[in-house]
Amino acid sequence: MSGYRAVEATADGDFTLVEREFEPPGAGQVRIAVEACGVCHSDVAGIMNMTGSRPSGVPVVPGHEVIGRIDALGDGVSGWRVGQRVGLGYLGGHCGACAMCQRGDFVYCTDQPVLGDSQQGGYAEYLTARTSGLVAVPDDMPAAELAPLMCAGLTVHHALVSSVARAGDLVAVQGIGGLGHLGIQYARAMGFRVAAIARGRDKEELALQLGAHHYIDSTASDQALQELGGARVVLATASSGASMSPLIGGLAVRGQLVVVGVAQDPIEVSTVPLIFGGRAIVGSLTGTPRDNEDNVGFAHAHNIRPMVETVPLEQAGEAYARMMSGDARFRMVLDVGR
Ligand SMILES: [Zn+2]
Ligand SMILES: [Zn+2]
């Protein structure tokens with residue numbers, strides 16, 4: 001084989017299937033033969049070059065929900081073997097040397113590549129990656145169902161386990177999309193009382209099937225949550241700050257609004273519910289590879305499965321457009337295995 005297929009995307013929305021030359025993995029890296037890659041809303045940041053990680057006009061290979069098998073080891077790699085099944089998420093592996101790494105806070109490493117942004121992502125048959133970003137994953141889960149766990153699943157799992165909620169508490173999941181449909185399943189399996197919040201009644205039946213105990217139409221969510229005693233945690237997954245603002249009124253005393261949906265517009269908040277009740281608004285950014293192994297183990301044990309629509313690699317542009325339109329039910333996944 002002379003090269004491998006990859007999909008390059010540009011900021012003006014062009015997706016092009018190209019052939020790229022193989023590169024050997026560098027020191028401390030492995031090369032991965034990709035089985036599947038999920039299509040995440042955060043792919044937008046890399047495609048649009050929002051962080052300015054490359055010269056304008058230069059395309060990127062998107063994708064940060066990668067499942068594959070190690071195909072080659074770079075110099076100095078130990079603890080990983082060729083043929084081993086691994087995953088990669090949004091963060092491409094911490095450096096181990098910066099101030100945040102010295103504090104053990106690897107998620108906020110300041111010298112860490114981002115897949116599909118500052119390094120090549122998984123809309124491709126192969127990619128190379130730092131071993132510090134690798135997630136060991138089981139052999140007995142389908143790649144298309146594992147891939148969305150690498151970012152969407154980790155995001156909601158880590159946000160919930162790091163929150164103040166404990167088993168038995170009321171936890172609300174706002175938004176029933178790529179993140180929210182997983183958030184409901186995780187929250188249920190963690191032993192919370194689960195309220196699902198979405199606009200209208202269309203998703204009520206699905207929310208209950210996914211494990212929600214209560215369904216709340218977002219037009220009156222604060223009142224409805226207070227009638228249930230107030231939420232210990234609201235997991236906000238919708239990409240709209242305005243939609244999150246009223247949720248603060250649904251929090252119990254010392255409750256948290258945990259924000260995982262990236263929005264362009266601000267959350268507006270009155271100081272009163274924050275001060276008189278010790279409520280908090282916190283953000284949560286994915287997790288470490290070790291957190292991700294915990295996440296996969298939990299999902300595996302509790303049979304948590306994303307609902308996916310699978311398309312071949314060459315239809316990446318269509319999959320991305322369908323994700324952006326909000327019509328995907330609920331995660332688009334590229335089937336890359338060759
Ligand atoms: Zn993502
Ligand atoms: Zn670092």
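Modeller: I call a residue buried if 20 or more other C-beta atoms lie within 10 Å of its own, exposed if 12 or fewer, and partly exposed in between, with C-beta atoms placed from the backbone. This is a predicted model, so local features need pLDDT of at least 70 and side-chain atom pairs pLDDT 80 or more, while totals for chains, interfaces and linings use all residues. Residues count from 1 along each chain as its sequence is written, with chains lettered from A and ligands numbered from 1 in the order in which they are written.

Let's start with Arg69, which sits in strand S4 (residues 66-73); strands are DSSP runs of E, at least two residues, and helices are runs of H or I, at least four, numbered from the N terminus. Arg69 is partly exposed because 17 other C-beta atoms lie within 10 Å. What does Arg69 touch, leaving aside neighbours within four places in sequence? Its contacts (C-beta atoms, placed from the backbone, within 7 Å) are Ile32, Ala33, Gly83, Gln84 and Arg85. Thr219, by contrast, is 150 residues away in sequence and 46 Å away in space, C-alpha to C-alpha.

For a view of a helix, turn to H10 (residues 289-301). Its buried residues are Pro289, Asn292, Asn295, Val296 and Ala299. They share one side of H10, because they cover an arc of only 100° around the axis, taken from the directions from the helix axis to the C-beta atoms. Strand S5 (85-88), strand S7 (135-136) and helix H4 (152-161) are among what covers them. Arg290 and Ala301 are exposed on the face turned away from that buried side.

Methods. Expected span 1.5 Å × (residues − 1). Contact = placed C-beta atoms within 7 Å.
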